[in-house]
Amino acid sequence: MKDDACYYCGKKATTKEHIPPVCFFPKGSKFGLFTVPACDEHNNAKSKDDEYVKVLLTTSADLMLRDDLYPVIDKSERALARSPAFRATVLDDPEPAVVILPCGTWLPSSSHKIDMTRFFNFFNFFARGLFYHHEKKIWKGAVQVAPHFLLRTDAEDEDKLMSDELLEQYDRANSHGLNKNIFYYNFVTVFDDASPSKILMYVLCVCFF
């Protein structure tokens with residue numbers, strides 16, 4: 001693949017796309033990013049989705065006690081305070097919730113509706129960029145996103161089983177990524193049992209923060 005071809009569409013690249021986006025990295029920790037060639041349409045046009053997903057993830061209760069992520073969490077909080085419209089978008093349709101700390105303390109909080117269209121759009125671009133970086137070619141097939149961290153406790157058994165199978169592919173010690181406090185990934189190739197040379201799918205297991 002030529003270095004001047006966009007990772008998404010193959011048209012002439014005019015810029016570079018960071019994988020993950022730069023906004024995911026705190027100041028002073030912006031290392032371990034990959035870059036892939038991109039055209040304007042498949043880079044700048046999605047910057048708002050990048051920011052939306054970053055803020056969505058960094059306002060998660062799971063990251064409350066991560067001191068190393070304070071700079072990026074603080075930046076997300078300031079972005080919400082700076083723009084009432086953006087805050088309303090991220091913290092849409094709030095409902096009362098409770099956060100239970102490791103020490104057993106209960107804290108009142110809230111849960112919010114997620115814009116799944118923007119969420120899936122982000123990971124569609126991200127997966128294609130990561131595939132290009134890893135395989136040095138454009139992925140022309142479909143992308144299916146399985147956000148296991150959003151799995152409800154009352155989910156169907158089939159969905160729970162698929163989530164467990166995907167989680168088995170996560171191997172931090174042997175994963176790709178130079179800054180694993182922010183991001184790492186595993187790349188799995190699934191072959192057809194009946195035809196060992198036939199690839200059925202690729203599985204990208206991604207961990208942020």
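Arg78 is partly exposed, with a relative accessible area of 45%. In this predicted model, Arg78 forms a salt bridge with Asp74, and the closest N and O atoms of the pair are 3.0 Å apart. The two residues sit four places apart in helix α2, which means that about one helical turn separates them. The structure holds four salt bridges. Its largest nonpolar core has 39 residues.

**Other salt bridges**

- Glu51 is paired with Lys54 in a salt bridge, where the closest N and O atoms are 3.5 Å apart.
- Glu51 and Lys54 are three residues apart in helix α1, so about one helical turn lies between them.
- Arg66 forms a salt bridge with Asp68, with 2.9 Å between the closest N and O atoms.
- Arg66 counts as partly exposed because its relative accessibility is 23%.
- Asp68 also counts as partly exposed, at 39% relative accessibility.

**Strands β1 and β2**

- Strand β1 covers residues 15-19 and is joined to β2 by five bridges.
- The two strands, β1 and β2, run antiparallel.
- Lys16 has Pro37 as its bridge partner in β2.
- Strand β2 covers residues 34-38, and four of its five residues are buried, so β2 is largely enclosed by the rest of the structure.

**The nonpolar core**

- In soluble globular proteins, nonpolar side chains tend to be buried together.
- Which residues have the most contacts inside the largest nonpolar core? They are Phe24, Val53, Phe126, Leu130, Phe183, Phe208 and Phe209.
- At least two residues of this core come from each of β2, α1, α2, α3 (84-90), α4 (116-135), β5 (183-191) and β6 (199-208).
- Helix α4 supplies eight residues, the largest share of this core.
- Leu130 is one of the residues with the most contacts inside the core. Leaving aside neighbours within four places in sequence, Leu130 is in contact with Ile19, Phe34, Phe183, Tyr185, Leu204 and Val206.

**A nonpolar patch on the surface**

- Met64, Leu65 and Leu107 form a nonpolar patch on the surface.
- Together, these three residues have about 260 Å² of accessible area.
- Met64 belongs to the loop between α1 (47-58) and α2 (70-82).
- Met64 has a relative accessible area of 42%, so this residue is partly exposed.

- Where does Ala173 lie? Ala173 is in the loop between α5 (157-167) and β5.
- Is Ala173 buried or exposed? With a relative accessible area of 66%, Ala173 is exposed.
- Ala173 and Tyr184 are 11 residues apart along the chain, and their C-alpha atoms are separated by 9.8 Å.

Methods. Residues numbered from 1 in each chain as written. Predicted model: local features only at pLDDT ≥ 70, side-chain atom pairs only at ≥ 80, totals over all residues. Heavy atoms only, no water. Patch = residues over 30% accessible without salt bridge, like charges linked within 9 Å, V, L, I, M, F, W, Y side chains within 5 Å. Areas by Shrake-Rupley, 256 points an atom, 1.4 Å probe, with all protein chains shown as cover. Salt bridge = Lys/Arg side-chain N within 4 Å of Asp/Glu carboxyl O. Buried < 20%, exposed > 50% of the residue type's maximum accessible area, 1.4 Å probe, protein only. Pairing = 2+ DSSP bridges. Core = buried A, V, L, I, M, F, W, Y, C linked by side-chain atoms within 4.5 Å. Contact = heavy atoms within 4.5 Å.
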